[in-house]
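This report describes selected structural features of the protein shown below. It covers charged pairs, a helix pair and a sheet.

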Amino acid sequence: MDAPKSNNSLTSIQCQPLPLLRTTLWGDAQDRALCKPDGTWTYFAADLAYHMDKVRRKFDICIDILGADHIGHVTRLKGAIEALAENSVHLEMICCQMVRFFSEKRPIKMSKRTGTFVSIQDILQYVDADTFRFFMVSKKADTHFDLDIQEMKACTKDNGIFYIQYAHARCCSVLRHGVHLWPFLAEKEWWRDIKISSWGKEYKEGIGLALNFPRLVDNAAQSREPHILCSGLYKLAQCFHGVWQQGNHQAELRFLDRQEKERSLENLVWVQAIAIVLKQGLALLGIKAKEEL
């Protein structure tokens with residue numbers, strides 16, 4: 001792209017000898033050049049053009065995800081876009097801290113200078129995309145965190161995505177067995193006619209978490225913090241696994257009992273509710289819930 005040859009440039013600022021944007025007006029340490037002495041555009045000019053394209057396409061909110069090493073861009077870019085767009089667009093800048101990769105407890109060193117780095121494609125040779133996606137959004141953006149490939153592959157409750165997926169798969173297993181006992185459960189929305197009267201403390205806790213999930217979704221969206229969903233799904237999975245374990249030790253607490261149809265159906269309503277929230281919550285994160293593990 002050629003540098004501007006007249007005052008009809010990206011800004012109406014004088015372009016001699018180099019076009020500058022007075023970013024000091026918005027708290028920047030110095031005014032920023034829009035083109036280099038060799039006539040090529042600066043990165044800052046390209047950033048302005050990119051965002052102005054969004055403005056012309058009638059977006060009213062733009063969200064930029066930046067690395068922590070670019071935090072210095074926030075003030076000048078926000079100010080410049082608000083001025084150039086005449087406050088017609090709201091620009092949000094989210095700065096993410098760096099992620100350190102580990103393998104077998106040893107750090108994988110990366111360096112821009114030597115060109116040594118770990119790509120997403122490299123990681124996907126060891127874990128599936130859903131697992132990687134979950135780990136990347138499970139922490140608050142401004143938090144430093146270490147990403148261990150072995151931990152992402154672990155089948156334990158310390159691995160959040162495995163624990164949540166395992167809960168959903170168990171829900172599906174219970175529901176399939178319920179259909180085997182009472183075929184009418186295969187009908188759509190069979191639970192609407194079931195009256196609830198015997199849910200205990202743990203069941204009420206689980207349904208409370210499920211009912212509160214829409215609020216978590218709203219909080220996550222408003223604050224731009226998807227890790228809130230990860231935490232909420234983990235707590236719900238934890239509640240489900242707790243009830244499952246109780247049933248393993250006490251026969252009367254098991255989800256299904258052919259001899260106690262009414263209580264079993266009430267339990268299945270609870271299991272169905274948990275499964276729905278787990279599945280929809282994962283879908284919001286771009287992750288497919290597994291029905292078997």
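## Salt bridges

A salt bridge is taken here as a side-chain nitrogen of Lys or Arg within 4 Å of a carboxyl oxygen of Asp or Glu. The model is predicted, and by this criterion the structure holds nine salt bridges. Side chains of opposite charge can pair when their charged atoms come close.

One of these pairs links Arg224 to Glu92, with the closest N and O atoms 2.7 Å apart. Arg224 is located in the loop between α7 and α8, whereas Glu92 belongs to strand β4 (residues 90-96); the pair therefore ties together parts that are 132 residues apart in sequence. Arg224 is partly exposed, at 28% relative accessibility, while Glu92 is buried, at 16%.

## Further charged pairs

In the salt bridge between Glu260 and Arg263, the closest N and O atoms are 2.9 Å apart. Glu260 is partly exposed, with a relative accessible area of 37%; Arg263, with 18%, is buried. For Arg57 and Asp53, the corresponding separation is 3.0 Å. Arg57 is partly exposed at 48% relative accessible area, and Asp53 is likewise partly exposed at 34%.

A network of salt bridges also links Asp28, Arg32 and Arg76.

## Packing of helices α7 and α8

Helix α7 (residues 201-223) packs with helix α8 (residues 227-249) at an angle of about 170 degrees, and their axes are 8 Å apart. Angles over 145 degrees count as roughly antiparallel, and α7 and α8 are therefore roughly antiparallel to each other. Residues of α7 that make the contact include Leu209, Phe213, Leu216 and Val217; on α8, Ile228, Leu233, Leu236 and Val243 are among them. By class, the contact of α7 with α8 comprises 13 nonpolar, five polar and three charged residues.

## The three-stranded sheet

Three strands form an open sheet in the order β6-β5-β7, with mixed pairing. Strands of a sheet pair through backbone hydrogen bonds, either parallel or antiparallel. Strand β5 (residues 99-103) and β6 run antiparallel and are joined by two bridges. Phe102 stands opposite Pro107 in β6.

Helix α4 (residues 129-137) lies across β5 and β7, and runs at about 165 degrees to β7.

Methods: Residues numbered from 1 in each chain as written. Predicted model: local features only at pLDDT ≥ 70, side-chain atom pairs only at ≥ 80, totals over all residues. Heavy atoms only, no water. Axes fitted to C-alpha atoms, helices over the stretch in contact; angles between N-to-C directions. Helix = DSSP H or I, 4+ residues; strand = E, 2+ residues; numbered from the N terminus. Parallel < 35°, antiparallel > 145°, perpendicular 65-115°, else oblique. Contact = heavy atoms within 4.5 Å. Nonpolar A, V, L, I, M, F, W, Y, C, P; charged D, E, K, R; others polar. Pairing = 2+ DSSP bridges. Buried < 20%, exposed > 50% of the residue type's maximum accessible area, 1.4 Å probe, protein only.
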